[in-house]
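Hello,

Here is the structure we talked about handing over. Please open it alongside these notes.

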Amino acid sequence: MASHVLATDARSLPASVVSAAAAAYGLDPEVVLVLTRVAADGNLGEPAGSVAKLVSLASSPGFHTPAVLAALHEAVMPGGEIVVGVLGAAATSSVPVSSAPAAEKDLLVAGFAIARAAAGDVAGVAPGAVAASKPTWTAGASFSLKSRRLKENAAPPNNNGAAKAWKLGDDDDLVDEDDLLDDDDLRSGADAASKARDAGEGCGPKACKNCSCGRAEAEAEEEAGKRAAMTEEKKEEFKSSCGNCYLGDAYRCAGCPMLGKPAQAPPGSTTVKLDLTSDI
């Protein structure tokens, strides 16, 4: 495991470039590890979060792709630094340089922070090297609004005492929910129930049209004097199963979910025609 790494996808690096890059970018020449022929996916072969300072010098501008930067981000430890650049003409050369390093925004997208132009000019490295830092926070970290102390991967709070928090004492003032309703609220509910009964639906004073539950026959016998008057409890026993709800409200019970909706086509007669022709 190396804390300072100089990596490149080139086959080799001149000793002069290694020395100049170490001096300009803050690498310790005594412990720096030089890696050549880095894979195209950016895998350095180092443990995740083990590199304190990483300098990646590509042989071509297209090497530092988002996937490579993501791999480099994984190798750098929290708080570590990275410099990405492209091997090429020195900064003092008059030859125009067409190669360019990864843009600052690409480093930010990869997870780095404080992307900036790298300080110093290095012989053998094209101008425009970019430096950035890896944030010190980790996934799952949180802050307490009271203490402002960092809590990494904080465990969920223990809610065993939640019941105690909601336990009411003898001195707590409770409001009767009936007191929240005025006379208009009570009257509106009674009027709605009365309208449903007057419409002759459900357990109202008369049976539904086209009744199939037997209540119409029972009422006819009651009118003819063949049976005693039915009580409200007896009327509740009649359950409609006519299946004519699609005809309209006159054929629907008070609790029918289709109550209030217009008449519809008989069940099973509705078809949907799909237009499978291309719009192009």
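This is a predicted model: local features need pLDDT of at least 70, side-chain atom pairs count only at pLDDT 80 or more; totals for chains, interfaces and linings use all residues.

**Two positive phi values**

Arg 37 sits in the loop between β2 (33–35) and β3. The phi of Arg 37 is near 55°, a positive value in a residue other than glycine. Is Arg 37 buried or exposed? Its relative accessible area is 60%. The cut-off for exposed is over 50%, so Arg 37 counts as exposed.

Ile 114 also deserves a look. It is not a glycine, yet its phi is positive, at about 55°. Ile 114 is part of strand β5 (residues 113–117). With a relative accessible area of 60%, Ile 114 is exposed.

**The overall picture**

The protein has seven helices and eight strands. Of its 280 residues, 29% are buried. Take the contacts between residues at least 6 apart in sequence: 61% of them join residues at least 24 apart.

**Helix α2 and its cover**

Which residues of helix α2 (residues 66–75) are buried? They are Val 68, Leu 69, Ala 71, Leu 72, His 73 and Ala 75. The cover over these buried residues includes β3, β4 and α3 (104–110).

**The cavity**

The count comes to one cavity of 30 Å³ or more. The volume of the largest cavity is about 30 Å³. What lines it? The lining residues are Tyr 25, Lys 53, Leu 54, Val 55, Glu 81, Ile 82 and Val 83. Two elements, β3 (51–58) and β4 (76–86), each give two or more residues to this lining. By class, the lining has five nonpolar residues, two charged residues and no polar ones.

**The cysteines**

UniProt, in an unreviewed entry, lists Cys 242, Cys 245, Cys 253 and Cys 256 under "binding site". Take Cys 245 as the example. Its place is in the segment after α7 (232–236). How accessible is Cys 245? Its relative accessible area is 23%. Buried would need a value under 20%, and exposed a value over 50%. Cys 245 is therefore partly exposed.

Best wishes

Conventions. Residues are numbered from 1 along each chain as its sequence is written. Side-chain values use heavy atoms; hydrogens and water are left out. Helices (H or I, at least four residues) and strands (E, at least two) are DSSP runs, numbered from the N terminus. Buried means under 20% relative accessible area, exposed over 50%, partly exposed in between (1.4 Å probe, protein chains only). Contact means heavy atoms within 4.5 Å. UniProt positions are given in the numbering used here, feature names are shortened, and annotations may be inferred rather than shown by experiment. On a 1 Å grid over the protein atoms alone, a cavity is a set of points where a 1.4 Å probe fits but cannot get out, and a pocket is an open set with protein on both sides within 12 Å along at least five of seven lines; lining residues have an atom within 4 Å of a point. Grid points are joined across faces, edges and corners, and a volume is the space filled by probe spheres set on the points. Ala, Val, Leu, Ile, Met, Phe, Trp, Tyr, Cys and Pro count as nonpolar, Asp, Glu, Lys and Arg as charged, and the others, Gly among them, as polar.
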